Amino acid sequence: MGTPELTYPADESTMEDSTPSFDWGDVAGATSYTIEYADNFFFTNKVTVTGISDSSYTPTSVLANGEWHWRVNATDDVTVSDWSSAWSFTLENTSKVPADFDGDGDTDVSLFRSSQGRWWIKDQFSVVYGM
């Protein structure tokens with residue numbers, strides 16, 4: 001059984017997509033694949049997904065910013081291939097929080113109108129003002 005060839009995310013790349021689609025080449029005769037991805041080179045804190053029928057996988061939860069490592073193997077229900085070479089990528093999701101004017105990750109100001117029609121402003125220090 002051949003070893004999967006990784007294609008995306010490219011080795012040592014940087015990306016913003018926090019749920020990247022992992023892709024690799026088909027292995028002749030493979031009936032399923034297993035992927036492992038981890039936040040360290042030794043795969044000690046890893047996620048393992050088995051029984052993948054296609055040569056791609058998209059995580060169901062958001063990955064944290066930082067360096068990630070991934071590898072894939074194939075099976076034909078009898079034989080399991082060696083792991084592919086491990087590739088790495090860096091995730092730098094720079095999505096901004098709405099109304100985060102000072103870059104601390106918190107919304108600094110919110111405006112809302114009560115059912116009585118009065119406007120309120122809440123700032124980053126939790127001070128509420130009525131207008």
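**Figure 1. Methionine 15 stands opposite leucine 91 in β8.** This is a predicted model, in which local features need pLDDT of at least 70 and side-chain atom pairs count only at pLDDT 80 or more, whereas totals for chains, interfaces and linings use all residues. Residues are numbered from 1 along each chain as its sequence is written, and side-chain values use heavy atoms, with hydrogens and water left out. Strand β8 (residues 87-91) and β2 run parallel and are joined by 3 bridges; two strands count as paired if DSSP finds at least two bridges between them.

**Figure 2. An open sheet of 5 strands has mixed pairing and the order β2-β8-β7-β4-β5.** Its edge strands, each pairing on one side only, are β2 (13-15) and β5 (46-52). On average, neighbouring strands of the sheet are turned by 25° against each other, with direction ignored; the axes are lines fitted to C-alpha atoms (for helices, over the stretch in contact), and angles between N-to-C directions run from 0 to 180 degrees. The chain as a whole comes to 0 helices and 11 strands. Of its 131 residues, 31% count as buried, where buried means under 20% relative accessible area, exposed means over 50%, and partly exposed lies in between (1.4 Å probe, protein chains only). The accessible surface comes to about 8100 Å², 50% of it belonging to carbon and sulfur atoms, as computed by the Shrake-Rupley method with a 1.4 Å probe.

**Figure 3. Tyrosine 37 and tryptophan 68 form a tilted aromatic pair.** The structure holds 8 aromatic pairs, counted when rings of Phe, Tyr and Trp (its six-membered ring) have centres within 6.5 Å, with planes under 30 degrees apart called stacked, over 60 edge-to-face and the rest tilted. In the pair shown, the rings are 6.2 Å apart centre to centre, with 55° between the planes. The pair links distant parts of the chain, since tyrosine 37 lies in strand β4 and tryptophan 68 in strand β7, 31 residues apart. Tyrosine 37 is buried at a relative accessible area of 4%, and tryptophan 68 also counts as buried, at 12%. Both rings belong to one aromatic cluster, formed by Phe22, Tyr37, Tyr57, Trp68, Trp70, Trp87 and Phe89.

**Figure 4. Arginine 71 in strand β7 lies over the face of phenylalanine 43.** The distance from the ring centre of phenylalanine 43 is 3.9 Å, and the charged end of arginine 71 also sits over the ring of tryptophan 83, 4.8 Å from its centre; for such an arrangement, NZ of Lys or CZ of Arg must be within 6 Å of the ring centre and within 35 degrees of the ring normal. Not counting residues up to four places away in sequence, arginine 71 touches several residues, including Leu6, Thr34, Ile35, Glu36, Phe43 and Trp83, where a contact means heavy atoms within 4.5 Å. Phenylalanine 43 itself is found in the loop between β4 and β5, and is buried with a relative accessible area of 5%. Its phi is near 55°, a positive value in a residue other than glycine.

**Figure 5. Asparagine 73, found in strand β7, is buried with a relative accessible area of 8%.** Leaving aside neighbours within four places in sequence, asparagine 73 is in contact with Pro4, Ser32, Tyr33, Thr34, Val80, Ser81, Asp82 and Trp83.

**Figure 6. A cis peptide bond joins tyrosine 8 and proline 9.** Most residues other than glycine have a negative phi, and most peptide bonds are trans. At the bond shown, omega is about 0°, and proline 9 is found in the loop between β1 (6-8) and β2. Glutamate 12 is placed in the loop between β1 and β2 as well and, although it is not a glycine, has a positive phi of about 65°. Glutamate 12 is exposed, with a relative accessible area of 67%.

Key: Helices (H or I, at least four residues) and strands (E, at least two) are DSSP runs, numbered from the N terminus.
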